[in-house]
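Below is a short report on a protein chain and its ligand.

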Amino acid sequence: MSLVHIVYAHPNPVSFTHALLDAFVAGLDDAGHQHSISDLYAMGFNPVMSPAEYARESRCDAALPVAGDVAQEQAALDAADVWVFVYPVWWSDCPAILKGWFDRVWTVGWAYHEPTATPTRKALVLCSAGQSVEHLRDTGLGQAMRAVMVSDRIFTRADVADMQVFAGSEGADPAQWELIRQQHLDQARHLGQTIDLA
Ligand SMILES: Cc1cc2nc3c(=O)[nH]c(=O)nc-3n(C[C@H](O)[C@H](O)[C@H](O)COP(=O)(O)O)c2cc1C
């Protein structure tokens, strides 16, 4: 049994992205895993780096303390076996609240420069996208999103990392989208059920 920590970023509790979160959590429950969630909008997470935080990062001064809300996020990540990020693609990246979460939580001394962060076994990125899989592939945007999230932000902080884009909510006719949507939700549940497999 694993402890999975989910970082979730969407403002609307009846969104497709929230349905993906629910399906994934149902899969975790099916397999008997425990989970915790940082629901960034619901928490009112402050994504704006303060001047003091900027000074700490830019000087690489890990001796300075981190903010309490940042320390809480780091503790939740340190305690978990698996990290999962769930969000919609906005302008070919994550929502600003999650970008700011990385700005503030990935601190010097915890995430980089002799990091104390406990590397996690696995990290998984689940995001919804309006564009089709083909568009994201043919424009290179899908590869760019993966490079930023998996190769840079997760990097060696997880033994195994993967990213799944649940694409196509825009442009499909409603009946067609309903079918694709259900396939996406089934796949998200399956990912929860099989999270222990590499
Ligand atoms: C501000 C904003 C920017 C978006 N940018 C993109 C984008 O760059 N690429 C894309 O495929 N979809 C983009 N979308 C579409 C969302 O990814 C899509 O609406 C979402 O995944 C659908 O799920 P939801 O109901 O959970 O919001 C954008 C949507 C918004 C609101």
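## Polar contacts

A polar contact is a pair of N or O atoms within 3.5 Å; within protein, one must be able to donate a hydrogen and the other to accept it, and residues adjacent in sequence count only if both atoms are side-chain atoms. A backbone N or O atom of Gln 131 is 2.9 Å from a ligand oxygen. For Ser 92, the distance from a backbone N or O atom to a ligand oxygen is 2.8 Å. For Val 89, a polar backbone atom lies 2.7 Å from an oxygen of the ligand.

The model is predicted: local features need pLDDT of at least 70, side-chain atom pairs count only at pLDDT 80 or more, and totals for chains, interfaces and linings use all residues. Residues are numbered from 1 along each chain as its sequence is written, and side-chain values use heavy atoms, without hydrogens and water.

## Ligand shell

The ligand has 15 residues around it (a heavy atom within 4 Å). Among those that come nearest are Thr 17, Trp 91 and Ser 128. The shell holds six nonpolar, eight polar and one charged residue (nonpolar: Ala, Val, Leu, Ile, Met, Phe, Trp, Tyr, Cys and Pro; charged: Asp, Glu, Lys and Arg; polar: the others, Gly among them). Helix H1 (16-30) and strand S4 (120-129) each supply at least two shell residues.

## Fold

The chain has eight helices and five strands (DSSP runs: H or I, at least four residues, for helices; E, at least two, for strands; numbered from the N terminus). From the N terminus, their order is β-α-β-α-α-α-β-α-β-α-α-β-α.

The C-alpha trace spans about 55 × 35 × 30 Å along its principal axes.
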